[in-house]
Amino acid sequence: MTIRDKVQDFLQSQEDREVFREHEVKEFLRGFGINTPRGMFVPSGTAIPSTVSLSYPLVAKVVSSGISSKSDVGGVRLGIGNGDELRSAVTELSLMENGEGVLVEEMARPGFEVIVGGTTDITFGPIVMFGLGGFFVELFRDVSFALAPVTREQAVWLVGETKGGKVLKGFRGKPPLDIDAIADIIVTVSEVMATGLIRTIDLNPVALYLSGALVLDAKMSRL
Amino acid sequence: MTNLDSLFYPKSVALIGASATEEKLGGIVLKNLLGLKGRVYPVNPLYPELMGLKAYPSIRDLPETVDLSIVMRPAAEVPEILRQHAGKARFALIVSAGFAEIGASGLQEELAQIGRDAGVRLVGPNCLGIYNPCHGLDTMFLPHSCLKKPGKGNVAIVSQSGAVVVSLLEAVRRANIGVSKVCNYGNAVDLDAADVYEYLAGDPETRVVISYLESVGNGRRFIEAARLLGDVKPLVVLKAGKGTSGQKAAFSHTGRLAGSYEVFRSILRQFRVREAPDYDSLLDAAKALSCQRPAPGKRVCIITNGGGAGVLAADECMRAGLDVAPLPEPVKEILGSSFPPFYGLGNPIDLTGQVRTEDYRVALNGVRQTYDGFVIIALTAVAGVTLKLAEIVRDFRTEAGKPVVAHVAQGGISGKLTTLLEKSKIPVFPSPERAVRALAMLLRDVG
């Protein structure tokens, strides 16, 4: 299956949705070998399956294509430690306006946060973006862009184009982070963007580790 | 691949809106066209003859199909005039303003359609057009008494803005360099930067292209043309309009971060197209690349007779990604045996206020093998610096075959020394930092 086929299949499964739901975007990404936390989607009005196979602590997030920033509206619960906490979190989040359900995931261990994104530029068409997460991006706009698609080599270059890219390579005696893993994600996002079928992709944040990377939040919309 | 020979080397030119006197724009351009190496047809229904040339009532009355027609009539008349161009002109250059730049996009789109239907390529509207000194072609409505244009040279200027192109023409002349082709394409209803880049890539007269841009239309086509041109000769781009706030997309974080300039800048870097951060840098790059060819490496040696100017140059090297590598010990020993003990034998090499001109020769010969590029700083308020320096630097560059730039200041003989150096293709800059940034344009491995 080509990338274009995969994207088209996904778009078909989404019918007339413009903005896709987090758990479905993550499933789509897993189809490209991108790692996300283990989790399950609990649609509004349904009970949490009794045989929860996830390991605590968990995180619960409201799922809605109408909410652009979940944490701004109080749609995220972190550090859920047991079944009682989980039930009350899911119940509360299910009642939120525009909520379509709740995504319950294993809480990721702390990593170095980065952003990988894609957008359709008015002049250049599909482009891919890399940036450092947290205050780096908010305060310094420390991001870099490239025409999509990019090769693996260009993806590594894109990381190095940010000022903060040096931190990833090992700073002040810290071991280097897994730049290969983030380059793989950049290449995939760029290839998905290059189909010309997607308006935006936001993987923010992606937790980067000494080995591997985990997409913690994912948004995507149709062109 | 667009062949723009008919535009840059027209064998025949029509001027719609030609006029009898240089009080009018149509008269200024007609006067300019008298120098054309080709046939000129003034078009104006009111006159049988203009400036000694037979005039025609309309383009339809011309005895041949012209390569280029220059249209200088009010915007409202242009669509009808353009319809008459079918079969009578290969290119129509629309000087007239009053189109998309004032919001009249519909009228401009009408031109595009007429051009396509008539099989005529369009330049403009709202532009000054073309200057090609090799061919005596000057479509710009600027009287010679107001603007003395540069002569023939190897720099091509491609500019969206007319005002910037005029300033660059004046500045290029003052910088003692000449131009191969100049094109101001204005609103770019048809011909745009990408078309001109493609043409200039194959233009033997052009060694370096400087380009002022505000927008590029089709970004993918632009970057492809820029990359192909950049593969064969240096292209330096100045992008104006850096302060945009990003594309409004409330949903997407990436969209909010993707300001049009940030994206443009990243993509230029992705395809290794050189960018000048500002006007001065664009001009300085033109001057440096007009005089010398880019070379590999990034190790720079600074030779100065003033400590402070040398430090400023070294600081700028650091910012520009150049390597001010220390002098190797053997070089230090050689120079130490030739120089007084109070000379600074580091990098910069400081020949101090007690310099003798010959010291520059000794220093340059000592470091020739070690470095990839050289900054010569000559402060002429001290007695030891003489005009002989121009000869020393020229000889050095001939032997070394590596980029050399200079900063000359402090009055006295500085004007004469600058002229002599620039005659020998050593570009001279008014500050240490500008000299260093120009050198960075000449060193390919700066990253």
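In this predicted model, the buried residues of helix H5 of chain B are B:Gly162, B:Val165, B:Leu168, B:Leu169 and B:Val172. Viewed down the axis of H5(B), these residues fall within an arc of 115°, so they line one face of the helix. The face turned away from the buried side of H5(B) carries the exposed residues B:Ala163 and B:Arg174. The helix comprises 13 residues, 162–174, and reaches 19 Å from its first C-alpha to its last, close to the 18 Å expected at 1.5 Å a residue. Packing of the buried residues of H5(B) is against strand E10 (152–159), strand E11 (179–184) and helix H10 (279–291) of chain B. After H5(B) comes B:Asn176, whose phi is positive, near 60°.

Chain B as a whole contains 16 helices and 20 strands. Its C-alpha trace spans about 80 × 65 × 30 Å along the principal axes. The chain has 447 residues, of which 51% count as buried. Among the contacts in chain B with a separation of 6 or more, 71% are between residues 24 or more positions apart.

One open sheet of chain B consists of five strands in the order E2-E1-E5-E6-E7, with parallel pairing. Strand E2 (39–43) and strand E7 (121–123) are the edge strands, each pairing on one side only. On average, neighbouring strands of the sheet are turned by 20° against each other, direction ignored. Within this sheet, strand E1 (residues 12–16) and strand E5 (residues 66–71) of chain B are joined in the parallel sense over four bridges. B:Ala14 has B:Ser69 as its bridge partner in E5(B). Helix H2 (residues 25–33) of chain B lies across E1, E2 and E5 of chain B and runs at about 165° to E1(B).

B:Leu15 is among the residues that touch the most other members of the largest nonpolar core, which has 194 residues; the others are A:Ile186, A:Val206, B:Ile303 and B:Val375. The largest share of this core, nine residues, is contributed by helix H7 (residues 179–194) of chain A. Another core, of 13 residues, lies apart from it and includes A:Leu86, A:Leu93, A:Val102 and A:Leu103. When neighbours within four places in sequence are left aside, the contacts of B:Leu15 are B:Gly26, B:Val29, B:Leu30, B:Leu33, B:Val40, B:Pro42, B:Val43 and B:Ile70.

B:Val375, also listed for the largest nonpolar core, is part of strand E18 of chain B. E18(B) covers residues 373–379, and seven of its seven residues are buried. Both faces of the strand are covered, with B:Gly373, B:Val375, B:Ile377 and B:Leu379 on one side and B:Phe374, B:Ile376 and B:Ala378 on the other. E18(B) pairs in the parallel sense with strand E15 (residues 300–304) of chain B over four bridges, and B:Phe374 in E18(B) stands opposite B:Cys301. E18(B) is also joined by six bridges to strand E19 (residues 404–409) of chain B, again with the strands running parallel. Here B:Val375 stands opposite B:Val405 in E19(B).

E15 and E18 of chain B are also among the elements against which the buried residues of helix H13 of chain B pack. The other elements in this packing are helix H12 (329–338), strand E17 (349–350) and helix H14 (388–400) of chain B. The buried residues of H13(B) are B:Asp359, B:Tyr360, B:Ala363, B:Leu364, B:Gly366 and B:Val367. Around the axis they cover an arc of only 160°, which puts them on the same side of H13(B).

H13(B) spans residues 357–367 and contains B:Thr357. B:Thr357 has 18 C-beta neighbours inside 10 Å and therefore counts as partly exposed. Not counting residues up to four places away in sequence, B:Thr357 touches B:Gly384, B:Val385, B:Thr386, B:Lys388, B:Leu389 and B:Ile392. Between B:Thr357 and B:Val436 the separation is 79 residues in sequence and 22 Å in space, C-alpha to C-alpha.

Note on methods. Residues are numbered from 1 along each chain as its sequence is written. Chains are lettered from A and ligands numbered from 1 in the order in which they are written. This is a predicted model: local features need pLDDT of at least 70, side-chain atom pairs count only at pLDDT 80 or more; totals for chains, interfaces and linings use all residues. Helices (H or I, at least four residues) and strands (E, at least two) are DSSP runs, numbered from the N terminus. The expected span of a helix is 1.5 Å times one less than its number of residues. A residue is buried if 20 or more other C-beta atoms lie within 10 Å of its own, exposed if 12 or fewer, and partly exposed in between; C-beta atoms are placed from the backbone. The arc is that of the directions from the helix axis to the C-beta atoms. Two residues are in contact if their C-beta atoms, placed from the backbone, lie within 7 Å. A nonpolar core is a set of buried Ala, Val, Leu, Ile, Met, Phe, Trp, Tyr and Cys residues joined through C-beta atoms within 7 Å. Two strands pair if DSSP finds at least two bridges between them. Axes are lines fitted to C-alpha atoms, for helices over the stretch in contact, and angles run from 0 to 180 degrees between N-to-C directions.
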